[in-house]
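Keep the viewer open and try each task before reading its solution.

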Amino acid sequence: MKISVIGGGPGGLYFSILTKKAQPDCQIDVYERNKADDSFGFGVVFSDETLSEFLTKDPESYELIRSKFAYWDDLDVARDGEVVRITGNGFCGCSRKTLLELLQQRCREEGVNLHFETNIDDLSQLSDSDIIVASDGINSAIRDRFASDFGTKTELKKNRFVWMGSTRPLDAFTYFFRTTPYGTIVAHTYQYQEGMSTWIFECSDATWQKAGFSVTDEKDTIQKIESLFKEELQGHGLISNRSHWRQFPAITNDNWHKDNIVLLGDAKATAHYSIGSGTKLAMECAIALSEAVISNPGNVTAAFQQYEKMRRNRVEMIQYAANVSLDWFEHMDRHIEHDFMQFAFGVMTRSKKVTFENMALRDTTFTQKVLAEFNHKNNNTANTPAAFTPFQLREMALKNRIVMSPMGQYSAEDGLVSDWHLMHYGARATGGVGLILTEMTAVSQTGRITLGCAGIYTKEQVVAWKKVTDFIHHNTATKIGIQLGHSGRKGATKKPWEGATESIEKPWELLSASPLAFNDKTAVPKEMTAQDMEQVITEFVQAAKNADEAGFDMIELQAHHGFLLASFLSPLTNIRQDEFGGNIENRLRFPLQVFEAIRKVFPAAKPMSVRISASDWATNGISEDDTIAIAEAFKNAGADIINVSTGNTVSGQKPQVGRMWQTPFSDTIRNTVHIPTITTGYIQDIDQINTILLNGRADLVALGRPLLIDPNFVRNAQAYEQYQTDDIPKQYQAGISHLYPLKSAERKAAEGMKKALKPESHKKNS
């Protein structure tokens with residue numbers, strides 16, 4: 001077999017070493033357009049996990065790399081002179097130039113042919129190759145030549161960054177955040193060999209413009225940054241190496257191979273440097289590609305398919321985490337306002353891969369500082385888990401910060417709740433939830449989503465709801481709020497188990513901002529007139545009065561997921577040409593009228609929430625600026641908290657679902673508009689809840705499906721945390737002596753397993 005590798009970077013070289021080592025008869029040629037000793041950039045970073053993989057695959061390369069790297073276990077977060085050190089991280093830095101020299105040495109030892117200063121402009125030169133590996137970097141000429149075949153997508157991210165070096169020694173990977181007259185600038189720094197360290201400076205485009213930086217003027221960049229980071233550089237200068245300001249290109253490819261060509265490294269996919277090294281990702285993919293080629297001798301197609309199957313999910317997960325991390329850095333000016341320990345914790349948990357418990361296993365002193373600062377600020381005992389701290393909205397005091405999210409039961413008869421609802425909500429209340437938000441409760445008969453939806457538009461419905469609220473108030477410390485809403489164009493549909501978003505046989509007339517059906521199985525709604533709007537406002541006002549009479553502690557206004565009020569907010573569902581359509585101020589007009597009318601009649605002591613969709617997950621949908629304007633408007637109208645959801649506006653949405661996936665939207669609203677928020681979305685355990693609260697992304701955390709199947713989620717979490725609560729009903733208190741030791745033992749076993757699975761340290765013995 002003959003293999004041609006275009007691009008002599010670490011990924012291409014490592015693939016060549018592994019493949020030649022396993023198949024000595026295979027001819028492998030590496031073509032690199034630069035000289036052997038050319039290298040752009042300074043250092044590269046590997047984790048203990050990656051080093052373990054290197055040791056397994058090629059011990060010779062591992063030993064060479066290990067002999068040259070600088071190892072650190074500590075990570076520092078510094079902000080304007082304040083510093084905190086977090087231990088137990090396990091990374092190493094190595095000069096990129098040295099790494100290339102070591103991998104070139106291993107290639108020669110194994111018999112790989114290296115061709116430097118050789119540019120492959122015409123692939124016909126390689127017509128006799130069985131495999132062509134395109135590892136020619138971010139600006140891959142081969143990938144770009146066949147961009148339509150690969151399905152290449154490139155998105156330039158907002159922030160500006162420049163890669164530099166310094167002689168300043170560092171004993172830890174360090175993030176230096178500096179507040180400047182132009183905005184926040186961060187330096188990502190680490191030592192990669194004795195006397196040399198990498199310094200990547202990053203800032204928003206607005207900060208970059210205000211500071212007057214130039215893309216290619218390296219002398220001016222050095223002069224300005226050395227002045228701004230004088231304290232951090234400690235008298236050491238900066239070193240440039242074609243150090244031009246850039247914007248990070250997020251590159252993806254729908255297909256990783258075409259004919260006998262396969263993509264590797266940055267040519268295939270990029271991941272922002274803030275979660276590690278692109279070199280690391282390239283070398284891990286090189287391992288997978290080599291294994292696939294070795295496992296499928298003579299079958300190139302099967303090899304490429306195996307490679308993609310082995311790595312695509314992993315690469316996409318890394319890219320997703322990288323994009324979340326990148327987004328955090330794009331909003332540094334927002335996060336810099338946090339108290340220092342919360343800020344540092346936010347830095348460490350920004351990609352959602354690391355949680356409070358992960359950090360505690362690495363460095364308990366750091367997590368203790370984070371928790372102590374949070375509790376001091378909120379006047380709580382120092383070691384109280386964040387989830388079990390109280391929270392107050394107006395005169396409603398919550399026992400803890402865990403919320404039951406509105407979840408339709410579709411079990412009402414003519415809008416009347418039953419014993420099912422009493423059991424459903426009562427069990428979660430005795431189970432310790434801080435706040436229950438009911439399923440969407442219709443303000444009128446034609447405001448229901450399904451025939452099984454609850455309502456609060458008749459006296460009988462008020463009485464039935466009061467039975468539920470009385471039970472909760474008399475037997476538990478839980479508070480209960482009602483979500484008032486109108487189905488709009490998503491009304492008159494079958495229950496979920498009867499048919500997903502399909503109209504019932506005899507649907508009533510639907511209302512919406514514009515005459516646009518949700519999908520081809522639902523009716524086209526009527527565009528609301530001024531008279532319709534007056535009628536709906538009247539219905540909401542009466543429902544709010546009924547909610548107070550029924551004993552609810554709070555009202556949440558439904559303005560999300562494409563229902564009636566939400567249909568006015570999104571440009572995808574509102575194409576009106578009057579004063580209720582067009583810009584966001586106009587689209588807000590009717591939802592605000594509804595909110596203000598409710599607020600006037602609902603007791604001032606009781607809080608109100610608004611639930612919104614902060615993204616439509618669709619092209620030309622609601623923007624971040626729109627979302628901020630919506631939250632600002634409701635805050636100014638008297639909203640006490642915003643419940644931040646996303647999507648379900650249009651049927652063709654493409655959400656990016658993952659753990660804690662909606663928390664960045666809550667973060668945006670909470671820390672831009674400065675209003676409390678509720679977050680939700682694939683939040684599954686108490687560790688995630690604590691992490692979200694401690695890094696300042698939300699004030700309350702709502703659970704949906706976890707509470708459907710486990711009404712005692714909160715009690716189990718309290719036992720897991722060994723938190724002694726005083727609100728367990730006396731009828732159940734005898735169970736404490738069983739549950740708390742059980743959960744304590746389970747936690748110790750799980751933590752022991754995590755410690756055992758932690759990658760071995762590769763620190764050199766001194």
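This is a predicted model: local features need pLDDT of at least 70, side-chain atom pairs count only at pLDDT 80 or more; totals for chains, interfaces and linings use all residues.

Residues are numbered from 1 along each chain as its sequence is written, and side-chain values use heavy atoms, leaving out hydrogens and water.

**Exercise 1.** Describe the surroundings of T691.

Step 1: T691 sits in helix α23, residues 686-694 (helices are DSSP runs of H or I, at least four residues, numbered from the N terminus).

Step 2: T691 counts as buried because its relative accessible area is 2% (buried means under 20%, exposed over 50%, partly exposed in between, with a 1.4 Å probe and protein chains only).

Step 3: Find its partners. A polar atom of the T691 side chain is 2.8 Å from the backbone oxygen of D687. Not counting residues up to four places away in sequence, T691 touches F345, T349, V354, T355 and F356 (contact means heavy atoms within 4.5 Å).

**Exercise 2.** Is A517 buried or partly exposed, and what does it contact?

Step 1: With a relative accessible area of 28%, A517 is partly exposed.

Step 2: Leaving aside neighbours within four places in sequence, A517 contacts R489, T522, A523, V524 and P525.

**Exercise 3.** How far apart are the C-alpha atoms of A517 and S651?

Step 1: Along the chain, A517 and S651 are 134 residues apart.

Key:
Helices (H or I, at least four residues) and strands (E, at least two) are DSSP runs, numbered from the N terminus. A polar contact is a pair of N or O atoms within 3.5 Å; within protein, one must be able to donate a hydrogen and the other to accept it, and residues adjacent in sequence count only if both atoms are side-chain atoms.
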